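Have the sequence and the 3D view open side by side. We'll walk from one spot to the next and see what sits around each.

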Amino acid sequence: AGDTFAVNRRQLRTALQGLTAAELEHLVIAYEPVWAIGTGVTASPEQAESAHEHLRKWLARRYNPNFSDKTRILYGGSVKPDNALALLGQPNVDGALVGGASLKAATFVPIIEAARKLSG
């Protein structure tokens, strides 16, 4: 519906409300588009990057750039061997929240290998 950024801001504001600085130090955010949940449909790498970049910029404005830079933001939403490298290669995608593909070594190992390749 074109509300991704507004929904993300609202969800972050609500989820982080009342957390202490010490608690925020352990923050990891997992982003999955609502339309991808349980559908097998994956965001394009550009869509994932756009949403993650927006989340990171919101964190920088709300807290500070250092906090934003070190917060891990994971992409979830049908991460598979054939899209893992492209998704994980985006500048603001720090990892993957892998669902069904993690249940079988044949699909999970290539995702791990893609992450390993990018981590250098």
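Start at S78 and skip its neighbours within four places in sequence: S78 is then in contact with A36, G40, V41, T42 and N83, where contact means heavy atoms within 4.5 Å. Keep in mind that this is a predicted model, where local features need pLDDT of at least 70, side-chain atom pairs count only at pLDDT 80 or more, and totals for chains, interfaces and linings use all residues. Residues are numbered from 1 along each chain as its sequence is written, and side-chain values use heavy atoms, with hydrogens and water left out.

So where is S78? It lies in the loop between strand 2 (72-76) and helix 5 (84-88). Helices (H or I, at least four residues) and strands (E, at least two) are DSSP runs, numbered from the N terminus. S78 counts as buried because its relative accessibility is 19%; buried means under 20% relative accessible area, exposed over 50%, and partly exposed in between, with a 1.4 Å probe and protein chains only. Most residues other than glycine have a negative phi. S78 is not a glycine, yet its phi is positive, about 60 degrees.

Now hop across to G40, one of the contacts of S78. G40 sits in the loop between strand 1 and helix 3, and it counts as partly exposed because its relative accessibility is 36%. Leaving aside neighbours within four places in sequence, G40 is in contact with S78 and K80. G40 and K80 are 40 residues apart along the chain, and their C-alpha atoms are separated by 9.6 Å.

V34 is in the loop between strand 1 and helix 3 (45-62) as well. V34 counts as exposed because its relative accessibility is 67%.

Next, look at strand 1 (residues 28-31).

Last stop: the aromatic rings. The structure holds three aromatic pairs. W58 and Y63 make an edge-to-face pair, 6.5 Å centre to centre with 75 degrees between the planes. Rings of Phe, Tyr and Trp (its six-membered ring) pair if their centres lie within 6.5 Å; planes under 30 degrees apart count as stacked, over 60 as edge-to-face and the rest as tilted. Y63 and F67 also pair edge-to-face, at 5.0 Å centre to centre and 65 degrees between the planes. W58, Y63 and F67 form one aromatic cluster. Within it, W58 is buried because its relative accessible area is 6%, and F67 is buried because its relative accessibility is 8%. Y63, at 27%, is therefore partly exposed.
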